[in-house]
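Dear colleague,

Please find below the structure that I am handing over to you. My notes on what was found in it follow directly after.

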Amino acid sequence: MARVIRIVRWDELSPAQKIDVENLKISDQQIEFAGPIHRAVEACTSDLTGDIRGAAIFNGDTIVGFLVLKRRNAAPSWVSTGAAVISALRIDLRFQGLGIGTAALRRLPEWLLAQWADTKSIMLSVDEANEAGRRSYAKAGWVDLGTRDKGRIGWVRYMKRDL
Ligand SMILES: CC(C)(COP(=O)(O)OP(=O)(O)OC[C@H]1O[C@@H](n2cnc3c(N)ncnc32)[C@H](O)[C@@H]1OP(=O)(O)O)[C@@H](O)C(=O)NCCC(=O)NCCS
């Protein structure tokens, strides 16, 4: 069961905690949805703009997930002005289905506003076939924008939560 869910910035993690993030596991099919963890970590470590935030998801003292937020020029071109975008969200396989992803997403707006106070909304794209992803976002308050585009592996949909 989900205990106290916390979000902690990548740069504030200890070296051991950063290794825990790098060791987060999802299935091969889920990697198609969220990308490999090394790419998510690389985005955080190579950022020179300050417009990328890695965010570790803790359940109690255990790192159970990770996501990356981007804004401005670091975000894809379809992201609205003033919005941030979620990418690479994952909950480790051992901890999926316990409500942790939804709980973390519910906490994310407040956490993000403490980082980037002028953020107007949080957007994302999600593969249409990713039922768990779409359900988690919807439960945490994201609204489907009603459009879809051909993505790398199928249709992708866009979702947004105003802050
Ligand atoms: C998407 C993800 C972050 C959700 O985190 P989670 O902690 O497992 O999700 P939760 O336990 O909060 O469950 C959220 C909802 O999804 C549903 N769900 C979970 N797996 C599902 C599946 N395979 N099919 C349909 N619904 C599913 C749950 O039942 C729950 O809905 P409910 O409460 O109405 O029953 C996690 O599954 C994950 O890491 N997936 C792989 C990577 C990924 O797809 N990332 C998103 C990229 S956009």
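**Asp51 and its surroundings**

Asp51 counts as partly exposed, because it has 15 C-beta neighbours inside 10 Å. Please bear in mind throughout that this is a predicted model. Asp51 sits in the loop that runs between α3 (37–45) and β2 (52–59). If its neighbours within four places in sequence are left aside, Asp51 is in contact with Lys70, Arg71, Arg72, Asn73 and Ala74. For one of these residues, Arg72, the separation from Asp51 is 21 residues in sequence, while the C-alpha to C-alpha distance is 6.7 Å.

**The chain as a whole**

The chain contains five helices and seven strands. Along the sequence they follow the pattern β-α-α-α-β-β-β-α-β-α-β-β. The C-alpha atoms fill a box of roughly 40 × 30 × 25 Å along the principal axes. The radius of gyration of the chain is 15 Å, which agrees with the value near 15 Å that a compact globule of 163 residues would have. Of the 163 residues, 34% count as buried. Among contacts between residues at least 6 apart in sequence, 65% join residues that are at least 24 apart.

**Helix α5**

Which residues of helix α5 are buried? In this helix, which spans residues 131–139, they are Gly133, Ser136 and Tyr137. These residues lie on the same side of α5, because they cover an arc of only 95° around the axis. On the other side of α5, Glu131 and Arg135 are exposed. The cover over the buried residues of α5 includes the helices α2 (28–34) and α4 (100–115), together with the strands β5 (121–127) and β7 (155–162). Just after α5, Gly141 adopts a positive phi of about 105°.

With kind regards

Terms used
Residues are numbered from 1 along each chain as its sequence is written. This is a predicted model: local features need pLDDT of at least 70, side-chain atom pairs count only at pLDDT 80 or more; totals for chains, interfaces and linings use all residues. A residue is buried if 20 or more other C-beta atoms lie within 10 Å of its own, exposed if 12 or fewer, and partly exposed in between; C-beta atoms are placed from the backbone. Helices (H or I, at least four residues) and strands (E, at least two) are DSSP runs, numbered from the N terminus. The arc is that of the directions from the helix axis to the C-beta atoms. Two residues are in contact if their C-beta atoms, placed from the backbone, lie within 7 Å. The radius of gyration is taken over C-alpha atoms; the globule rule is 2.2 Å times the number of residues to the power 0.38.
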